[in-house]
Amino acid sequence: MEKLRIYFLSIFIFLSCHQNNATGSKHLEVKDDTLSNCARAEMLFEEKGNQGTYRSQFYLDSAIKLCPNLAKAWREKGVPFLKRGDYAAWLNCLNRAI
C-alpha cells in the first residue's frame, strides 16, 4: 500500500513539473501581433537575466536583431567586454549605442 502511494505521488509531481515547464517559457513566445519589433525588443531586454551570462547575451542579440537602434541593448552587450578587458569590442558596442 505504501509503494502505491509513493508511485502515485511521484506521478503527480512529474506531471505538475512538466506542466510548469511547458507554461514557464512565456517570454519566448510573443503572441500579440500588434507589437512592433522595437516593443518586442524591449520585452526581450527586460527578460535578459544576469549580466554576462549566455542567456543574457542571447536575449540581447535577439533584441538587437529586432530593433538595431535599441541603444540600451548595445550598451548592455558591451559591458561584459569591458569587464574582461576587451576594450576594442566594448568600444564597438558603445559606438553602436551612440
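Start with the charged pairs: this model has two salt bridges, a salt bridge being a side-chain nitrogen of Lys or Arg within 4 Å of a carboxyl oxygen of Asp or Glu. The model is predicted, so local features need pLDDT of at least 70, side-chain atom pairs count only at pLDDT 80 or more, and totals for chains, interfaces and linings use all residues. Residues are numbered from 1 along each chain as its sequence is written, and side-chain values use heavy atoms, with hydrogens and water left out.

**Stop 1: the two salt bridges**

Select Glu42 and Lys72. Their closest N and O atoms are 3.1 Å apart. The pair joins distant parts of the chain: Glu42 lies in helix α2 and Lys72 in helix α4, 30 residues apart. Helices here are DSSP runs (H or I, at least four residues), numbered from the N terminus. Glu42 is partly exposed, at 28% relative accessible area. Lys72 is partly exposed too, at 27%. The cut-offs: buried is under 20% relative accessible area, exposed is over 50%, and partly exposed is in between (1.4 Å probe, protein chains only).

Now select Asp61 and Lys77. Here the closest N and O atoms are 2.8 Å apart. This bridge also links distant parts of the chain, from Asp61 in helix α3 to Lys77 in helix α4, 16 residues apart. Asp61 is partly exposed, with a relative accessible area of 31%. Lys77 is buried, at 14%.

**Stop 2: Glu76**

Stay on helix α4 and pick Glu76. Glu76 counts as buried, at 14% relative accessibility. Show what surrounds this residue. Leaving aside residues up to four places away in sequence, Glu76 touches Phe45, Lys48, Gln51, Gln57 and Leu60. A contact means heavy atoms within 4.5 Å.

**Stop 3: helix α3**

Select α3, residues 54-66. The helix has 13 residues and reaches 18 Å from its first C-alpha to its last, close to the 18 Å expected at 1.5 Å a residue. That expected span is 1.5 Å times one less than the number of residues. Colour the buried residues of α3: Ser56, Gln57, Tyr59, Leu60, Ala63 and Ile64. They cover an arc of only 165 degrees around the axis, so they sit on the same side of α3. The arc is taken from the directions from the helix axis to the C-beta atoms. Turn to the other side of α3 to find Tyr54 and Lys65, both exposed. The cover over the buried residues of α3 includes α2 and α4.

**Stop 4: the nonpolar core**

Which residues have the most contacts inside the largest nonpolar core? Select Ala41, Phe45, Ala63, Leu70, Ala73 and Trp74; the core has 13 residues. A nonpolar core is a set of buried Ala, Val, Leu, Ile, Met, Phe, Trp, Tyr and Cys residues joined through side-chain atoms within 4.5 Å. Elements giving two or more residues are α2 (37-46), α3 (54-66), α4 (71-84) and α5 (87-97). The most comes from α3, with four residues. Centre on Ala73: apart from residues up to four places away in sequence, Ala73 touches Phe45, Leu60 and Ile64.

**Stop 5: the whole chain**

Zoom out. The protein chain has five helices and zero strands. Buried residues make up 22% of its 98 residues. Of the contacts with a separation of 6 or more, 34% are between residues 24 or more positions apart. Finally, show the surface. The accessible surface comes to about 7400 Å², of which 60% belongs to carbon and sulfur atoms. Accessible areas come from the Shrake-Rupley method with a 1.4 Å probe; for residues, only the protein chains shown count as cover.
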